[in-house]
Amino acid sequence: LEEGGEQEMTAMQYAMGRKALVSTTAYMMLRLAVIGLDEGLPLFMSTPQLDGGMGFSSNEIGLALFGQGILLVVCVLFLFPYMKERLGTLQLFWLATLCIPVVCVVTPLLGDVIPYVSEPVLWVLVEAYMALKVLAFSTGFTAVSLLINNSAPSRVRGTVNGFSQTAAAFSSMIAPSLSGSLFSWSLQNEMDFPFDFHFTFFVFGFLSLGLCVCAVLMPPSISHRYVE
């Protein structure tokens with residue numbers, strides 16, 4: 001019984017150590033950003049252009065998200081392994097942390113350009129945006145999952161992963177309501193930029209800057225498997 005208690009205490013010490021704690025925080029922020037963006041994006045696309053949205057129909061929104069799904073498969077199966085082999089896990093996480101705030105801030109600009117471009121050009125921009133979004137978030141999630149696994153030895157990896165999943169579930173719980181509430185407020189407040197329809201995405205862009213702090217705090221050794 002003492003040995004079991006000691007082993008559990010040791011596992012929690014790993015889970016609360018610098019490597020695991022920073023990786024878990026990064027995972028929480030990623031979940032907050034991606035769920036918030038995924039909640040706000042369809043709302044933004046379906047909002048009439050007069051209110052600052054894109055005025056897309058449900059079919060057009062489905063087509064845009066379908067393209068995102070194809071890009072996700074390509075990125076996870078082919079692009080990420082290629083980049084990981086050449087750059088390393090921590091460097092890929094750095095790449096994601098730099099791209100994600102940009103993705104969030106660029107999102108409402110898709111509505112801004114509609115009066116100035118033709119429909120084919122708009123769809124090229126939409127799919128280019130989707131490609132950047134998929135690249136940033138899929139790279140970030142895959143990299144941070146590896147970093148969490150590298151933050152502790154294999155004998156306590158289950159505890160560390162369970163702790164990170166529990167923490168990330170909190171972000172998953174608050175992100176949809178936060179995004180929906182902010183977007184609704186931005187449409188009703190009758191305020192000018194940046195508190196109009198841009199505001200929700202700017203907020204998530206600002207929050208995702210915390211990922212850069214996590215990347216700075218991660219030691220280089222976390223790129224490799226934990227060695228006791």
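Modeller: A residue is called buried under 20% relative accessible area, exposed over 50%, and partly exposed in between, with a 1.4 Å probe and protein chains only. The model is predicted, and local features are taken where pLDDT is at least 70, side-chain atom pairs only at pLDDT 80 or more, whereas totals for chains, interfaces and linings use all residues. Residues are numbered from 1 along each chain as its sequence is written, and side-chain values use heavy atoms, with hydrogens and water left out.

Biologist: Why is Glu190 called exposed?

Modeller: Glu190 has a relative accessible area of 77%, which lies over the limit for an exposed residue, and so it is exposed. Glu190 sits in the loop between H7 and H8, and its phi is near 60°, a positive value in a residue other than glycine.

Biologist: What else is found in the loop between H7 and H8?

Modeller: Pro194 has its place in that loop, between H7 and helix H8 (199-207). A cis peptide bond joins Phe193 and Pro194, with an omega of about 5°.

Biologist: How do you know how many helices and strands there are in the chain?

Modeller: Helices and strands are DSSP runs, numbered from the N terminus, where a helix is a run of H or I of at least four residues and a strand a run of E of at least two. Counted in this way, the chain has nine helices and zero strands, and its pattern along the sequence reads α-α-α-α-α-α-α-α-α. The C-alpha atoms of the chain fill a box of roughly 65 × 40 × 30 Å along the principal axes, and 45% of the 228 residues count as buried.

Biologist: What makes Asp38 and Lys133 a salt bridge?

Modeller: The term requires a side-chain nitrogen of Lys or Arg within 4 Å of a carboxyl oxygen of Asp or Glu. In the pair of Asp38 and Lys133 the closest N and O atoms are 2.8 Å apart, so the pair meets the requirement.

Biologist: Are the two partners buried or exposed, and how do you know that?

Modeller: Asp38 has a relative accessible area of 36%, which makes it partly exposed, whereas Lys133, at 4%, counts as buried.

Biologist: How many salt bridges does the structure hold?

Modeller: The structure holds two salt bridges. Arg86 forms one of them with Glu85, the closest N and O atoms being 3.8 Å apart, which is still within the limit, so this pair also counts. Both Arg86 and Glu85 are exposed.

Biologist: Why is H4 called roughly antiparallel to H9?

Modeller: Axes are lines fitted to C-alpha atoms, for helices over the stretch in contact, and angles run from 0 to 180 degrees between N-to-C directions. Angles under 35 degrees count as roughly parallel, over 145 as roughly antiparallel, 65 to 115 as roughly perpendicular and the rest as oblique. Helix H4 (residues 89-106) and helix H9 (residues 210-217) pack at an angle of about 160°, with their axes 8 Å apart. That angle makes H4 roughly antiparallel to H9.

Biologist: Which residues in H4 and H9 meet?

Modeller: Contact means heavy atoms within 4.5 Å. On the side of H4, Phe93, Trp94, Thr97 and Ile100 meet Leu211, Cys212, Ala215 and Val216 of H9.

Biologist: Why is H4 also called roughly antiparallel to H8?

Modeller: The axes of H4 and H8 come within 7 Å and cross at roughly 170°, and that angle makes H4 roughly antiparallel to H8. In this contact, Pro101, Cys104 and Val105 of H4 meet Phe201, Phe202, Phe204 and Gly205 of H8.

Biologist: Why is Ser23 called buried?

Modeller: Ser23, which is found in helix H2, has a relative accessible area of 0%, and it is therefore buried. Leaving out residues up to four places away in sequence, Ser23 touches Val144, Leu147, Ile148, Met218 and Ile222.

Biologist: What makes Phe170 partly exposed?

Modeller: Phe170 is found in helix H7 (residues 157-188), and its relative accessible area of 46% makes it partly exposed. The C-alpha atoms of Phe170 and Phe44 are separated by 24 Å, and the two residues are 126 residues apart along the chain.
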